[in-house]
Amino acid sequence: MPSSLPRPLADLPVRRLTRDDLVPCADLSEDRGWPRDEHRWGLLLTAGTAFGIDDPDGKGLMATCVVTSYGPRMAAIGMMLVAERYAGQGVARYLMHQTIEWTGGAPLSLYATASGRPLYEKLGFAAVGTAQRMGGRFRPTAETGGAPDALARPGRTVRPATAGDLQAMLRLDGDAFGLDRTHLLTRLPAFADHLRVAEDSGELVGYGALWPSAGSQVIGPLIARDTATAKLLVTSLAGATELPLRADIDARHHELLDWLGERGLQPGSETTVMTLGDRQPGDWTRCFAPLSVATG
């Protein structure tokens with residue numbers, strides 16, 4: 001049932017959230033019909049800077065927002081959530097203004113749902129792309145042909161990542177993403193159920209992670225030199241689980257999207273990639289799926 005704000009928005013204190021707030025954050029996700037995803041919240045609360053507004057009625061959190069900084073060139077905003085009972089009362093706009101002010105003018109990026117996009121446009125964000133969610137049970141062979149994929153070629157392999165791969169992964173990720181994501185990638189081995197790398201004649205040319213979310217497994221990040229390498233990584237990761245898969249794919253990767261559809265994954269929701277200030281640098285042709293898509 002909707003609740004009226006007990007005081008003006010400007011009087012609502014915004015505070016930094018910590019891992020001690022993990023359960024209230026997950027409760028808020030569930031309140032908005034999203035998976036609780038405590039596993040993902042744990043990563044975001046440690047790798048990013050999270051802000052929240054406590055519910056004056058003592059019912060957990062009224063709102064949350066997470067900023068993941070990649071230095072002065074870009075910061076990503078995620079988990080912009082407002083409790084259903086306070087929806088439509090300007091809380092999201094208020095918290096976004098506070099968050100943008102905190103970032104000190106750094107360029108920002110986010111993934112917007114259809115309901116959240118109008119707010120971000122009013123705040124000056126511009127659409128620069130789309131991510132297409134795909135989900136379902138992965139079939140290693142195409143439904144139409146039934147023949148194994150001709151993905152492997154001499155010298156190209158996929159294997160579990162090791163500690164010795166980190167520096168090569170960081171170089172590959174930096175070239176593809178255009179920013180330093182060391183603070184995220186160093187947490188991937190503990191966060192992901194499976195972390196795989198692709199090599200071509202001994203050169204690391206891709207990596208992908210698989211992590212749990214609400215009875216499914218999510219693929220992301222997925223960084224690869226080309227589409228064939230991305231397919232090889234997806235096939236390897238899919239073979240590591242019997243659960244349904246989910247992946248948010250940059251919609252410009254039509255070949256990969258078609259291939260996933262042939263293997264049983266169905267299109268779901270779309271999110272709009274938006275930026276405020278400079279566009280995100282990097283090479284989109286090598287960025288197939290982000291670590292997480294969750295804004296609002």
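Met79 lies in strand β4, a strand being a DSSP run of E with at least two residues and a helix a run of H or I with at least four, numbered from the N terminus. The model is a predicted one, where local features need pLDDT of at least 70, side-chain atom pairs count only at pLDDT 80 or more, and totals for chains, interfaces and linings use all residues. Residues are numbered from 1 along each chain as its sequence is written, and side-chain values use heavy atoms, with hydrogens and water left out.

Back to Met79: its relative accessible area is 1%, so this residue counts as buried (under 20% is buried, over 50% exposed and anything in between partly exposed, with a 1.4 Å probe and protein chains only). Its phi is near 50°, a positive value in a residue other than glycine. Asp37 also has a positive phi, near 45°. Asp37 sits in the loop between α1 (22–31) and α2 (38–47), and with a relative accessible area of 7% it is buried. Its side chain makes a polar contact of 2.7 Å with that of Ser213; such a contact is a pair of N or O atoms within 3.5 Å, where within protein one must be able to donate a hydrogen and the other to accept it, and residues adjacent in sequence count only if both atoms are side-chain atoms. Setting aside residues up to four places away in sequence, Asp37 touches Pro212, Ser213, Ala214 and Arg246, contact meaning heavy atoms within 4.5 Å.

Arg246 is 173 residues from Arg73 in sequence, and their C-alpha atoms are 30 Å apart in space. Arg73 belongs to the loop between β3 (61–69) and β4 and, at 49% relative accessibility, is partly exposed. Its side chain gets to the backbone oxygen of Gly178 at 3.2 Å. Beyond neighbours within four places in sequence, Arg73 meets Pro107, Gly178, Leu179 and Pro281.

Now for the inside. The largest nonpolar core has 39 residues, and Trp41, Ile53, Ile77, Met96, Leu110, Tyr120 and Phe125 have the most contacts inside it. A core here is a set of buried Ala, Val, Leu, Ile, Met, Phe, Trp, Tyr and Cys residues joined through side-chain atoms within 4.5 Å. A second, separate core of 26 residues includes Met169, Leu188, Val197 and Cys287. Phe125 touches, among others, Ile77, Met96, Tyr120 and Thr275, not counting residues up to four places away in sequence. Thr275 is part of strand β12 (residues 266–276) and is buried, at 6% relative accessible area.

As for open space, the largest pocket holds about 840 Å³. Of its 42 lining residues, Tyr111, Phe177, Val273, Gln280 and Pro290 are the closest to its centre. A pocket is an open set of points on a 1 Å grid over the protein atoms alone, where a 1.4 Å probe fits, with protein on both sides within 12 Å along at least five of seven lines; lining residues have an atom within 4 Å of a point. Points are joined across faces, edges and corners, and the volume is the space filled by probe spheres set on them. The second largest pocket has about 440 Å³. Among its 19 lining residues, Arg32, Val82, Ala92, Ser115 and Gly116 are closest to the centre, and β4 (75–82), α3 (91–102) and α4 (117–122) each give two or more residues to the lining.

Lastly, a cis peptide bond links Gly220 and Pro221, with omega about 0°; Pro221 lies in strand β10 (residues 216–224).
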